[in-house]
Amino acid sequence: MHIKPVVDDIYRLSVNIEDTNYLFEGIWPIPHGISINGYLIKAEKNVLIDLTQDIFSFPQEFVQQMGGVALDIEDIDILVVNHMEPDHSGWLREFCKRNSKAVIYCTKKAVPLLNAFAGVPAERAIAISDGMILEVGDYQLQFFDTPNIHWPETMMTYERKRKILFSCDAFGSYGSIDENAIFDDQVSSEKHAFFEQEALRYYANIVATFSPFVLKGLEKLSGLEVKVICPSHGIIWRENPAVIINHYQRYAEYCKGPAEREVTVVWSSMYGNTKQVLNLVIETLRKRDIPVHVFQVPGDEIGYILASAWKSAGLIFGMPTYEYKMFPPMAHVIDELQVKKVTNKKVFRFGSYGWSGGAQKDFENKTEKSGWDKLGYYEWQGAPTDQDKAAIQQELHTYCDALIEFTS
Ligand code: FEO
């Protein structure tokens, strides 16, 4: 990958994690990779905004890219640390060993993390105040506290003259970047749709828990004119930054509900008795013109389920009883949805049991504080009869009526 100009003497440095076995944050599969971007301003004092993770040969790649504008580590005078999560700060320890002069600008909350993660003493840092402006030659950098987008110490940097927002995790997405298509106006319409979808999955996996803070952050930044968004993951938005800003506004507002008039169906089956009504569920929803997204567990990956569930106003779980409880892989999904604060949903459950029930009671207990409106459930012993199927259909129509009203 080569260094790429953004505007004037502002450049993008970037690497892609392309190892398909790699789990982002140690949890999330990235079958299409992810980019980690930093930004370099070549001025009378050279500024580097965010670093890279210290894996593979990423630090060496950043250095090599900096060489493309005749700069080396020792030439950096100012290091802006928008966020201390190690995907952006992993290289900090080695960077500071090789560059003893760079002044670090970060939030007050980030200062102790400099030492905790990278052994960098507080004396090297200047803790910004919200809205503070730093003049660097022809560049005016303004720092904004944006806590919990993604960690409590996170901030964003705004270049006032060119109206560029260096947003770190915000407005980012999964997906490796082709070095010949780094801007929104350089990617094909298919790739554009891909990055929008991967922005949703990234949001649901990484940021969704903090959605109330995203809404506050968007409100704080709403007074800024933003011509270019330079995130630390994904493409740069310069043709139409409003696209990703509006998506973020929408994603964040889903925490208050309702989300879209769609249903995410997550199902499990041990011997096929719960599965027997799956098609009936899907067909009934589709007959009511409700888009359905179907996931099986175990099998489908939780990161994808989260993205779908975040965007859907309705959730339907199909799972059997297993030893008086919910089928364990589904219990994990239910836990994860609540950890990520997937809330304000219309919910229905169906499932078979053998010698005894218990899944429904377990489900009720586990979701007591979920914020889900549990509209009903249907259970049967063994295989479903025609009467069971008719009863489920009846229940589902009632569910659809409530969902449609909820999303109207
Ligand atoms: Fe890309 Fe929260 O780090």
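Student: Where does Ala 70 lie?

Tutor: Ala 70 sits in the loop between α1 and β7. Helices (H or I, at least four residues) and strands (E, at least two) are DSSP runs, numbered from the N terminus. A word on sources: this is a predicted model, where local features need pLDDT of at least 70, side-chain atom pairs count only at pLDDT 80 or more, and totals for chains, interfaces and linings use all residues. Residues are numbered from 1 along each chain as its sequence is written, and side-chain values use heavy atoms, leaving out hydrogens and water.

Student: Why is Ala 70 called exposed?

Tutor: Buried means under 20% relative accessible area, exposed over 50%, partly exposed in between (1.4 Å probe, protein chains only). Ala 70 has 63% relative accessibility, so Ala 70 counts as exposed. Its phi is near 60 degrees, a positive value in a residue other than glycine.

Student: What makes Asn 344 partly exposed?

Tutor: Its relative accessibility is 27%, so Asn 344 counts as partly exposed. Asn 344 lies in the loop between α10 (328-339) and β20 (346-353). Asn 344 too is not a glycine, and has a positive phi of about 55 degrees.

Student: Why is α5 called roughly perpendicular to α9?

Tutor: Their axes cross at roughly 95 degrees and come within 8 Å. Axes are lines fitted to C-alpha atoms, for helices over the stretch in contact, and angles run from 0 to 180 degrees between N-to-C directions. Angles under 35 degrees count as roughly parallel, over 145 as roughly antiparallel, 65 to 115 as roughly perpendicular and the rest as oblique. Therefore α5 is roughly perpendicular to α9. Residues making the contact (heavy atoms within 4.5 Å) include Leu 200 of α5 and Trp 310 of α9.

Student: What makes β1 and β9 edge strands?

Tutor: Two strands pair if DSSP finds at least two bridges between them. β1 (4-7) and β9 (125-127) each pair on one side only. The open sheet has seven strands, in the order β1-β2-β5-β6-β7-β8-β9, with mixed pairing.

Student: How do you know that β8 pairs with β9?

Tutor: Three bridges join β8 (residues 103-106) to β9, and the two run parallel. Ile 104 stands opposite Ala 125 in β9.

Student: Which residues touch the most other members of the largest nonpolar core?

Tutor: A nonpolar core is a set of buried Ala, Val, Leu, Ile, Met, Phe, Trp, Tyr and Cys residues joined through side-chain atoms within 4.5 Å. The largest has 122 residues, and Leu 92, Phe 95, Ile 104, Tyr 248, Trp 310 and Phe 317 touch the most other members. Helix α5 (residues 189-207) gives the largest share, nine residues.
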